[in-house]
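Please examine the sequence and the fold below before reading on. The account that accompanies them is an explanation in running paragraphs.

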Amino acid sequence: MKGSTLTSHPNSFVSKLQEERLNRLRHRMKVYFDGSRPDHQEALRALWSATYAGKELHGLISDQWKEMGWQGRDPSTDFRGAGFISLENLLFFAKTFSTSFQCLLKKQGGNRSTWEYPFAVAGVNITFMIMQMLDLDASVKPRTFIRSVFLQMLSENEWAFDLLYCVAFVVMDKQWLEKNATYMEFNEVLKSTRTQLERELLMDDVLRIEDMPSFTLLC
């Protein structure tokens, strides 16, 4: 069903609520990370605090960020692919499912590779993957079954995108372990993660993100 058009799909009609929430989400997606904006700086500090409670951050540009899985001393350079929403997603994950967040951050589950994926950068890539999968940059009217299903979920919960992100992260890590993957195989794992998410979103009894079988992986 991947990529199927919705010309005759019963849910192709977009309600006023769905349109409003989709527009707000699309606006979030278009915000670039700007290190000079106080609210963006504060969000970055909030991510640090949620990740390392009680540990002092020496600066927004610091070697400390590498501990979280950013590529360098300045995490702002890694947001270019997905923008400010990728930081919002990480912060949502850290605050909403702190146990799962910390487990993935510290690579506590399973037999880990000697060349692991960098946690924070992986998170940015997951945000970008979900944006592509949901086809959210298209016109308001849904063009795919996946997008139509997601719009229904968005009408139920304005945080559906952020919740789907959390599910995607734990699914990705599970697939990573099952494949005994190394960093060179990250893109392959990301593709299989997308396939798994699409499969679950199209299940008849999945009406909310919380209904997805993989949602139970979160804690």
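The model discussed here is predicted. Its largest nonpolar core comprises 72 residues. Within this core, the residues with the most contacts are Met68, Trp70, Phe93, Leu164, Phe169 and Ile209. Two or more residues each are supplied by helix 1 (16-29), helix 2 (38-51), helix 3 (84-96), helix 4 (98-105), helix 5, helix 6, helix 7 and helix 8. Of the contributors, helix 7 gives the most, with 13 residues.

Phe169 illustrates the contacts made by one of these core residues. Leaving aside residues up to four places away in sequence, Phe169 touches Leu90, Phe93, Leu104, Tyr117, Phe119, Ala122, Gly123 and Ile126. Phe93, one of these partners, is itself listed with Phe169 among the residues with the most contacts inside the core.

The packing of helices can be considered next. Two packed helices are described by the angle between their axes and the distance between the axes. For helix 6 and helix 7, the angle is about 115 degrees and the axes lie 9 Å apart. On the helix 6 side, Phe150, Met153 and Leu154 take part, and they meet Ala160, Phe161 and Leu164 of helix 7. By class, this contact has six nonpolar residues, with no polar and no charged ones.

Helix 8 spans residues 186-201, 16 residues in total. From its first C-alpha to its last, helix 8 reaches 22 Å, close to the 22 Å expected at 1.5 Å a residue. Which residues of helix 8 are buried? They are Phe186, Val189, Leu190, Ser192, Thr193, Leu197, Glu198, Glu200 and Leu201. An α-helix has 3.6 residues a turn, so residues three or four places apart point the same way. The buried residues of helix 8 pack against helix 5 (119-134), helix 6 (145-156) and helix 7 (160-178).

Gln132 belongs to helix 5. With a relative accessibility of 44%, Gln132 counts as partly exposed. Gln132 and Arg194 are 62 residues apart along the chain, and their C-alpha atoms are separated by 9.8 Å.

The cysteines raise a separate matter: how many disulfides does the structure hold? The number is zero. Cys103 forms none because its sulfur is 7.1 Å from the closest cysteine sulfur, in Cys219, which is too far for a bond. The sulfur of Cys166 likewise has its closest cysteine sulfur in Cys219, but at 12 Å, again too far for a bond.

Most residues other than glycine have a negative phi, and most peptide bonds are trans. Lys107, in the loop between helix 4 and helix 5, has a phi near 50 degrees, a positive value in a residue other than glycine. Asp135, in the loop between helix 5 and helix 6, has a phi near 55 degrees, also a positive value. Are these residues buried or exposed? With the limit for burial set at under 20% relative accessible area, Lys107 is buried at 16%, and Asp135 is buried at 17%.

Conventions. Residues numbered from 1 in each chain as written. Predicted model: local features only at pLDDT ≥ 70, side-chain atom pairs only at ≥ 80, totals over all residues. Heavy atoms only, no water. Helix = DSSP H or I, 4+ residues; strand = E, 2+ residues; numbered from the N terminus. Expected span 1.5 Å × (residues − 1). Buried < 20%, exposed > 50% of the residue type's maximum accessible area, 1.4 Å probe, protein only. Contact = heavy atoms within 4.5 Å. Axes fitted to C-alpha atoms, helices over the stretch in contact; angles between N-to-C directions. Nonpolar A, V, L, I, M, F, W, Y, C, P; charged D, E, K, R; others polar. Disulfide = S-S within 2.5 Å. Core = buried A, V, L, I, M, F, W, Y, C linked by side-chain atoms within 4.5 Å.
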